[in-house]
Amino acid sequence: YGFINTCLKSLVVEKYGEETWEKLRLQAGVQDSFLTFEVYKDEITMQLVDKACKILGIIARTSKPFVFIKISLFCYMVLREFGEYFFEFCKRSGYDHMLRTLGGNLYEFIENLDALHSYLSLSYEAILFFFVFPQEMNAPSFRVEKNEDGSMHLHYYSDRRGLCHIVPGIIGAAALDFFNIEISMEIINQTEEEERTGKKEHIVFLVTQTPVFSYKERNEFSSSPQYLADSEKRNENQLSKEDLEKAKNAIRDRGSSVCPVKKSHWKTIRGIITLGKGKLLRGFDPVYPKSLWIDTKTFCNGLPFHMVFDKEVGQAFVKQAGVSIQKIVPGLQTMGICLDHYFTIVHPEVPFTISSIQKFINSQFVFQTRREMMPESWKQRPMLELRGQMIWMESLQCMLYLCSPLLRTLHELEERQMHIADIAPHDVTRDLILLNQQRLAEMELSNQLERKKEELRILSKHLEEEKKKTEALLYAMLPQHVANQLKEGKRVEAGEFKECTILFSDVVTFTNICAQCEPIQIVLMLNSMYLQFDRLTTVHDVYKVETIGDAYMVVGGVPVPVPTHAERVANFALGMIIAAKGVQNPVSGNPIQIRVGIHTGPVLAGVVGEKMPRYCLFGDTVNIASRMESHGVPSKIHLSSSAYQCLKYKNFEITERGEIEVKGKGKMHTYFLIRNKTATENEIMGRP
């Protein structure tokens, strides 16, 4: 179910971060989220667990590089951690009270885990059957045995191999939280289960327990021993020796201790509850009548779904059956028939023998009728399932199966053409069917809300992706801080920059090329060139102002002032000359040639217009930079004297051009930038 996968995701995200989960799910090839009541293939869960063991193992080894631990140990650690987290996740998901009421001690808690799975299956399977399709809740199974030394043997059965290490995490967390004890669990046997009809993984754990004393309890037992001794003496005087001995024997006989820890004398005394005049509650002995005051007919009518069977030659033979089960399975009216001719055991998956059933006596048993043995009217209906407990009657050497019809919804009741009246008034199955019907509607509503939530999450994710694309496009047109101000509806004030470096470039003989080529060839040529120039703006962190035809304009030191604006633009210009050599002239087939002009000076910058707003530069610096480009030489970088002054001590090779006549400016002393003395071509081009 999605609940398991969601828990694993929550663990990874909470403890290792979103990036680790994203990496894990991509390697496992699964979706990002799971619906609680959705059925997913076991392969998805197993893939997630496998990749989690590997990826989280790598993280652990990276964080402790000098510690060598086998990968199998990492798997054990990850699975155990998942078990502990799964217990907390269940509590947070609303199962806290349900788990706490399973038993008064660890033995009872484990003994009733199968019953909890059986209850949950009513909800999960019913909603799947009613709204989707029938699907079994393939939960693991637990069987626990007490040992004389107070330890326990926990038998774990599962169809899913390799997940047994989750069990110590779950049981350990429950023991500490509910019963204040620490446990150690050691695998003492691991086999293919032969007792069961299905091939299951069967793991036997040895469970030993140690009580955990709180700080307050330690103080009580260690700080005032004299007070404890006096209290013990006073309590001994209040109880007669006979009652005290009887109480101690009763407690010893019942084996009611949760932990395999010997209680102190004072603990034993304090645990005794007196009732009336010296009568001990824990020393209670039931009183039985000399004869059973109920006749056979009343018993079979009062418990309409029960069966008594014994063992003969390893098989189970019916001795007695309730009236309702006889009505449904008429063959049971013939006493002495073989029970497994009419029923199969669905859960637990054991052979139909008394000896096998006795091993799982504390489990809930589910029987299903055999289709071929049912009356003709039943053969077109779904088979009836019975669920109940087994009670071994030692004096009669017979097994009593107290059961009820396993029905989850009114729909299932109608399918079998049964009625509420067929179920005994004292049987809570009547209430369960009606309550479950109401709960199913609530669960379906919850399921729909969960699906809508998931749909909204996906839409929100797509919206966020589209928002990022839109912002990326906007930031490509305007500086980020300017774009953000415009998005907020604010007016962007023009700003003065005391010093920046501006570059202009154009394609030599561009007019002639346009006259001799198709428009699409011009577009392809410019696009090929501009894509490389755009990449270089990112490499050297300069701002692309605009392109007009073959003219390309960039600036350094605007909109963010930086002291290295001239060096950045100079390196960008060197990259442009190299990049242009890789772009082909569509007329001659030779590399195209560009002219580049650079000037340094003050500018005013601001946003112009409301429709298709542009971030523009104003001032004489722009004009001079443009003149440097138009009066330049093909495949050369033309520098003004102010740009030269910024670069002459910055490890650039520069040659003097001399005085030239510049349109509108008169005579100007200019220079050519040749190369960067310290940077390689790969560094200039941003190549690895």
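**Burial and salt bridges in a predicted model**

Guide: E22 counts as partly exposed, at 28% relative accessibility. The model is predicted.

Visitor: What makes R25 and E22 a salt bridge?
Guide: The closest N and O atoms are 2.9 Å apart. The cut-off is within 4 Å, so the pair qualifies. Both residues lie in helix α2 (residues 18-28), three residues apart, about one turn of the helix.

Visitor: Is R25 buried or exposed, and how do you know?
Guide: R25 has a relative accessible area of 12%. Buried means under 20%, so R25 is buried.

Visitor: Why is E488 called exposed?
Guide: Exposed means over 50%. E488 has 53% relative accessibility, so the label is exposed.

Visitor: What makes R687 and E681 a salt bridge?
Guide: Their closest N and O atoms are 3.3 Å apart. The limit is within 4 Å, so this pair counts too. Elsewhere, salt bridges with shared partners join E88, K91, D96, R100 and D177 into one network. The count by this rule is 25 salt bridges.

Visitor: How do you know that S363 is buried?
Guide: S363 has a relative accessible area of 6%. The cut-off is under 20%, so S363 is buried. S363 lies in the loop between α14 (354-359) and β10 (365-369). Beyond its neighbours within four places in sequence, S363 contacts D114, F142, P348 and G388.

Definitions and conventions: Residues numbered from 1 in each chain as written. Predicted model: local features only at pLDDT ≥ 70, side-chain atom pairs only at ≥ 80, totals over all residues. Heavy atoms only, no water. Helix = DSSP H or I, 4+ residues; strand = E, 2+ residues; numbered from the N terminus. Buried < 20%, exposed > 50% of the residue type's maximum accessible area, 1.4 Å probe, protein only. Contact = heavy atoms within 4.5 Å. Salt bridge = Lys/Arg side-chain N within 4 Å of Asp/Glu carboxyl O.
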